[in-house]
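Hi,

Here is the structure I said I would pass on.

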Amino acid sequence: MPTPVDKDVLITDDWRVSGRIYREASIFERELRRIYGRTWVFVAHESEIPVGGDYKTAYIGRQPVIVSRVADTGAINVMFNRCRHRGSAVCQREFGNTSFFRCAYHGWTYGAEGQLVGVPFDDGYPEAFDKSAMGLTHVPRVEVYRGFVFASLDPAIVGLPEYLGNARRYLDFIADVGSGGPELASRAQKVVYRGNWKLQIENTIDPYHFSFTHKSWLDILKDRTGTSSPWVKNVRTNPDWRGMDLGNGHAVHEYGPLERAGENAHAIGIGELIPFNLNVFPSLAFVGAHLRLVVPRAVDETHVYLYPILPRGADAETRNRILRDHEIFYGPSGFGSTDDVEVGFDRVTNGLEASASPNDWALMSRGLHREVVEPGTGIRIGRSSDEVPQRAYLRRWLELMEVEDGC
């Protein structure tokens, strides 16, 4: 029987996780500072802003930003979406192409690179008023890896390649999809649920739940094909299906070695481009044939953006098949996301409200006793149904949450 634990402990040595981390607003606010304020956060793929003057709006945690491509140089800027006058968001559209951003409140106008170029009735300011110092504020760090654009609020953060570490191998695989790499030309499907953002991160890389949460989909496949899906057997016994802690909070579940990627199918009845599920800490993920971006809005409100990944240059039939396969499982009337929201997020959020229980702990220790460490790399490896990936992100989460602000 587990021994009693101090209520201020968030994660125990034997991997009990306090329910407080999913429901307390004070912990959420600390996450925004210590997690989203100190990591590299994905904000765009270059294919979303291919032409000079293109832009998109995004978030770093709850910080609204504009990601734009400079017309002359092709460089990418990430700027806070906040007018320097009275704080209004200057850009309202999710995507577009422009040579300027104008605040609708008082008409302050900024060039595409954020420089202040127009102030109505500027005689209200002294001649010494320095417009050059009042442009849109740029996010301290921006780097691009193989087309994936990341930004950081921490000016002293390590370079992006070092931060990605062992996850680079998998991003490289995705960047090499098809003959010309991936593009996110279809934009995003959006899901909003009332619950904590970490629930989606945990769910993304959890084959253990599939046989139960998505049983109705597996039953449909059996009716259509006349045979049972090999999913359950693979999760239980296939040694090539494995969860891995890549370090630095990143994690992957492989459905077979990358060098034999074409030999493996997920066996869930939808087309797949990527033979693994990947989490890039804290909020980027890849599943099957889509990029998944998790955006925290409140302790109990999360927005999820699902971008179908299309191989650049693929023919219309291939692109259409990927989109239809995406819709049938992940779409709003599909069989996958609806199950996850209901069972994995709504019901968990409801159950976590039983905070008066002396057992206010989630158990995240599955497979801990058989987890192995790969010599030379330090990568932790477990079986498909083990909670190695969940421990990977929570291990890094706890490290950052325990570092004091300003240190």
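At what angle do α5 and helix α10 pack, and how far apart are their axes? The angle is about 135 degrees and the axes are 10 Å apart, with α10 covering residues 337-351. Axes here are lines fitted to C-alpha atoms, for helices over the stretch in contact, and angles run from 0 to 180 degrees between N-to-C directions. Helices (H or I, at least four residues) and strands (E, at least two) are DSSP runs, numbered from the N terminus.

Before I go on, some housekeeping: this is a predicted model, in which local features need pLDDT of at least 70 and side-chain atom pairs count only at pLDDT 80 or more, while totals for chains, interfaces and linings use all residues. Residues are numbered from 1 along each chain as its sequence is written, and side-chain values use heavy atoms, with hydrogens and water left out.

Back to that helix pair. α5 and α10 are therefore oblique to each other (angles under 35 degrees count as roughly parallel, over 145 as roughly antiparallel, 65 to 115 as roughly perpendicular and the rest as oblique). Their crossing is right-handed, meaning that the near helix is turned clockwise from the far one by less than a right angle. On the α5 side the contact (heavy atoms within 4.5 Å) is made by Leu199, Gln200 and Asn203, and on the α10 side by Asp340, Gly344, Phe345, Val348 and Thr349.

Two of those residues turn up again around histidine 209, which sits in the loop between α5 (197-204) and α6 (210-213). Leaving out residues up to four places away in sequence, histidine 209 touches Asn203, His214 and Asp340. Its side chain also has a polar contact of 3.4 Å with that of asparagine 203 (N or O atoms within 3.5 Å; within protein, one must be able to donate a hydrogen and the other to accept it, and residues adjacent in sequence count only if both atoms are side-chain atoms). Histidine 209 is buried at 14% relative accessible area (buried means under 20%, exposed over 50%, partly exposed in between, with a 1.4 Å probe and protein chains only).

Proline 207 is in that loop between α5 and α6 too, and is buried at 3% relative accessibility. With residues up to four places away in sequence not counted, proline 207 touches Trp231, Val235, His253, Tyr255 and Ser384.

Another helix pair to look at is α2 (residues 25-34) with α11 (residues 388-401): their axes come within 10 Å and cross at roughly 90 degrees. That makes α2 and α11 roughly perpendicular to each other. Ile27, Arg30, Glu31 and Arg34 of α2 meet Trp397, Leu400 and Met401 of α11. The buried residues of α2 are Ile27, Phe28, Glu31, Leu32 and Arg34, and they pack against α1 (20-23), α5, β18 (290-298) and α11.

Over in strand β16 (residues 276-280) you'll find leucine 278, buried with a relative accessible area of 0%.

Last, the cysteines. There are zero disulfides (a disulfide being a pair of cysteine sulfur atoms within 2.5 Å). For cysteine 83, the nearest cysteine sulfur is that of cysteine 103, 4.0 Å away. Cysteine 83 is buried, at 3% relative accessible area, and cysteine 103 counts as buried at 3% as well.

Cheers
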